[in-house]
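Here is a short report on one protein model. Look at the sequence and the fold together as you read.

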Amino acid sequence: MTKPEYGNVTVSKVTYDWYKKNFESNKERLRKKGINSFAGYITSRLEELMERDEIFGRYAPFLEEFGYDDDGSTVYIKDNKKQRVVGVRFNGDQLVCDVDEKNDCVHVGFAYSLPKVYRAMESLGIKLNRRQLVEPAAKAHSLSQT
Ligand SMILES: [Zn+2]
């Protein structure tokens with residue numbers, strides 16, 4: 001029987017197999033992060049998604065995905081509060097905002113929540129830390145109350 005603090009979900013075989021394969025081929029790396037089981041792996045992936053969905057929900061609709069430059073090094077975000085387009089670019093191992101000239105403003109947080117940016121970061125091995133996720137979200141929240 002399922003323990004009360006857990007829930008079950010049934011997914012398609014294709015989805016299951018894809019994640020299972022991913023888990024198996026990254027077992028060593030995941031173990032170092034403290035993830036020792038397939039269930040733990042799925043939970044961690046869903047937690048990442050949860051964070052991104054939460055950020056996206058807080059920033060929209062005042063920030064919008066606007067476009068990408070040709071080489072994919074910059075994502076353009078339409079800031080409906082500032083009424084301008086803001087560029088967030090990959091700079092070494094981090095994302096930096098061209099307008100605020102920092103790596104932890106609302107635009108960087110929003111960029112991170114975009115699947116295309118997130119996938120690019122993942123393939124480059126770039127991880128945004130939790131501080132960068134939490135702080136801009138909090139600022140965005142206070143802005144939306146004004
Ligand atoms: Zn910014």
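At roughly what angle do the axes of H3 and H4 cross? They cross at roughly 130 degrees and come within 8 Å. Axes here are lines fitted to C-alpha atoms, for helices over the stretch in contact, with angles running from 0 to 180 degrees between N-to-C directions. H3 and H4 are therefore oblique to each other; angles under 35 degrees count as roughly parallel, over 145 as roughly antiparallel, 65 to 115 as roughly perpendicular and the rest as oblique.

This is a predicted model: local features need pLDDT of at least 70, side-chain atom pairs count only at pLDDT 80 or more, and totals for chains, interfaces and linings use all residues. Residues are numbered from 1 along each chain as its sequence is written.

Two residues are in contact if their C-beta atoms, placed from the backbone, lie within 7 Å. The table lists who makes the contact.

| H3 | Arg52, Ile55, Phe56, Tyr59 |
| H4 | Val106, Gly109, Phe110, Tyr112, Ser113 |

Six of these residues are nonpolar, two polar and one charged. Ala, Val, Leu, Ile, Met, Phe, Trp, Tyr, Cys and Pro count as nonpolar, Asp, Glu, Lys and Arg as charged, and the others, Gly among them, as polar.

**The whole protein.** There are six helices and four strands. Helices (H or I, at least four residues) and strands (E, at least two) are DSSP runs, numbered from the N terminus. Along the sequence the pattern is α-α-α-β-β-β-β-α-α-α. Of the 146 residues, 18% are buried. A residue is buried if 20 or more other C-beta atoms lie within 10 Å of its own, exposed if 12 or fewer, and partly exposed in between.

**The core.** The largest nonpolar core has 18 residues. Such a core is a set of buried Ala, Val, Leu, Ile, Met, Phe, Trp, Tyr and Cys residues joined through C-beta atoms within 7 Å. Ile77, Val88, Val108, Phe110 and Ala111 touch the most other members. H3, S2, S3, S4 and H4 each give two or more residues. H4 gives the most, with five.

Phenylalanine 66 sits in strand S1 (residues 63–68). With 13 other C-beta atoms within 10 Å, phenylalanine 66 is partly exposed. Beyond four places away in sequence, phenylalanine 66 touches Tyr76, Ile77, Lys78 and Val85. Glycine 125 follows H5, and its phi is positive, near 75 degrees.
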